[in-house]
Amino acid sequence: MAYEIKTRTRRLRSSEAMRTLVRENEVRVTDLIYPMFVIEGENIKNPIASMPGIYQYSIDRMDEELDRVKQVGILSILLFGIPSHKDEQGSGAYNEQGITQRAVRHIKKKYPDLIVIADVCLCEYTSHGHCGLVSDGRILNDATIPLLCKMSVTLAQAGADVIAPSDMMDGRVGAIRNALDENGFTEIPVMSYSAKYASGYYSPFRDAAHSAPGFGDRKTYQMDPANSKEAVREILADVEEGADMIIVKPAMSYMDILKEAGQVCRLPIAAYNVSGEYAMVKAAAMHGWIDERRVVMENLISMKRAGANMIITYHAIDAAQWIAQSVL
C-alpha cells in the first residue's frame, strides 16, 4: 500500500511567482546603510587593499561616491573621519572644524535629503588608537564620556541626522542624550552600538580608518564573543538611557544576538555587516569560488530574517543595484 503524503510543503515552492507570493522576508534598498570614510587632504581617492571596491575620499572627491549612493536609492550613510593629526585626547574628534564635521556640512549642503549617521568614537583620532582616554595602560570610562558628548554636539551642529556612539563606554548613551538635549538637539536620534563585540572581523576596517590600537586590545570595553546574556543587558541599558535605535556588530556570526535583540526590545535594530565579513566574500568571489551576488544577498536576507530592520554594509551599492535588477 502506498504511503499517503499528507503535507506537501513543496507546493509553495513550485515557481518563482509562488515563492515570491509567500516570501516572509525581503531586503529593500531603503534598508541599506552605506559606510564611508573621509580623509584629510585634497583630490584623494585611496583604495583600501583589504576591502576591494571601498575607498577613502577627501571631501572634494566624496561626491563621486555620494552620487552613486543617490542614484541607487540608498537613503543613509554611516560616516567615519580620518584626521591628519592625532593626539592622546583625540581632540580632532570634537573640533568644530574637524574632518568629520566639515564632511557632514558638505554632504548636507549638497545632498540635503541624505540621512547622515555620524559615528562617535575616539579611536580614529587618538594617537594610541583606543576608543577612550588612557592612563597607565587603562582605558578610562568616565573621563572619556564628556569628550564623546562634545563630539556628538559638534556633529549635530554640523548637521548630522543621527548620532551613533560606537565606543562601548558604560553610560555614554544617557550622557550623549542629555548633551544633545541641553544644546537644543532634542530631535536628533541616538543610534547606539549596543552589542558590539571584541571581534576579529574588524581588521580591514582598522586599515581603512587607521584605527588599530597601538597597544593591547579592546577586550576591556568591547564584548566577549562568548556572551549573549551580556548583550541583552547592554541593549536594555541603552534603551533605558534613551537610545532610539540599536546596532548589533558584527552580524554574520551573531545572528543569535540579532534574534535576541528583537525579542527584548522594540526599537529599530541595525545589523552591521562588518569589514571582515565583506572582505571574505570579496576574496572568495575574486577567486571564482562563490557566486558573489547570490552569497551577498543570502547573507543580507539572513540578517533580516534574524530580526534586523536595517543593515549597515559595504555591499550596499552593489546590493541596491541587484535588488533593482530583480524588480525590473
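The axes of helix α7 (residues 229-241) and helix α8 (residues 255-264) come within 10 Å and cross at roughly 45 degrees. This is a predicted model, and the questions below work from its computed values.

User: Why is α7 called oblique to α8?
Analyst: Happy to start there! The two axes cross at roughly 45 degrees. Angles under 35 degrees count as roughly parallel and 65 to 115 as roughly perpendicular, so α7 is oblique to α8. As for handedness, α7 passes α8 in a right-handed crossing.

User: Which residues make the contact between α7 and α8?
Analyst: From α7 come A231, V232, I235 and L236, and they meet I257, E260, A261 and V264 of α8. By class, this contact has 7 nonpolar, no polar and 1 charged residues. Glu counts as charged, so E260 in α8 is the charged residue.

User: What makes F37 and F205 an aromatic pair, and why is the pair tilted?
Analyst: Good one. Their ring centres are 5.5 Å apart, and rings pair if their centres lie within 6.5 Å. The planes stand at 55 degrees; under 30 would be stacked and over 60 edge-to-face, so this pair is tilted. A search of the whole structure finds 9 aromatic pairs.

User: Where do F37 and F205 lie?
Analyst: F37 lies in strand β1 (residues 32-39) and F205 in helix α6 (residues 203-209), so the pair ties together parts that are 168 residues apart in sequence. Both F37 and F205 are buried. They also belong to one aromatic cluster, formed by F37, F80, Y193, F205, Y272, Y278 and Y314.

User: How do you know whether Y55 and Y57 are buried or partly exposed?
Analyst: Buried means under 20% relative accessible area. Y57 has 2%, so Y57 counts as buried. Y55 has 27%, so Y55 counts as partly exposed.

User: What is the phi of M168, and why is M168 called buried?
Analyst: Phi of M168 is near 70 degrees, again a positive value in a residue other than glycine. M168 lies in the loop between β8 (162-165) and α5 (172-182). At 3% relative accessibility, M168 is under the 20% cut-off, so M168 counts as buried.

User: Where is the cis peptide bond?
Analyst: A cis peptide bond joins K249 and P250, with omega about -5 degrees. P250 has its place in the loop between β10 (245-249) and α8.

User: Which residues of α2 are buried?
Analyst: In helix α2 (residues 62-72), the buried residues are M62, D63, E65, L66, V69 and V72. Just after α2, G73 takes a positive phi of about 90 degrees.

User: Why is S91 called partly exposed?
Analyst: S91 has 27% relative accessibility, which is between the 20% and 50% limits, so S91 counts as partly exposed. Its place is in the loop between β4 (76-82) and α3 (99-110). S91 and Y125 are 34 residues apart in sequence and 7.0 Å apart in space, C-alpha to C-alpha.

Methods:
Residues are numbered from 1 along each chain as its sequence is written. This is a predicted model: local features need pLDDT of at least 70, side-chain atom pairs count only at pLDDT 80 or more; totals for chains, interfaces and linings use all residues. Side-chain values use heavy atoms; hydrogens and water are left out. Axes are lines fitted to C-alpha atoms, for helices over the stretch in contact, and angles run from 0 to 180 degrees between N-to-C directions. Helices (H or I, at least four residues) and strands (E, at least two) are DSSP runs, numbered from the N terminus. Angles under 35 degrees count as roughly parallel, over 145 as roughly antiparallel, 65 to 115 as roughly perpendicular and the rest as oblique. A crossing is left-handed if the near helix is turned anticlockwise from the far one by less than a right angle, and right-handed if clockwise. Contact means heavy atoms within 4.5 Å. Rings of Phe, Tyr and Trp (its six-membered ring) pair if their centres lie within 6.5 Å; planes under 30 degrees apart count as stacked, over 60 as edge-to-face and the rest as tilted. Buried means under 20% relative accessible area, exposed over 50%, partly exposed in between (1.4 Å probe, protein chains only).
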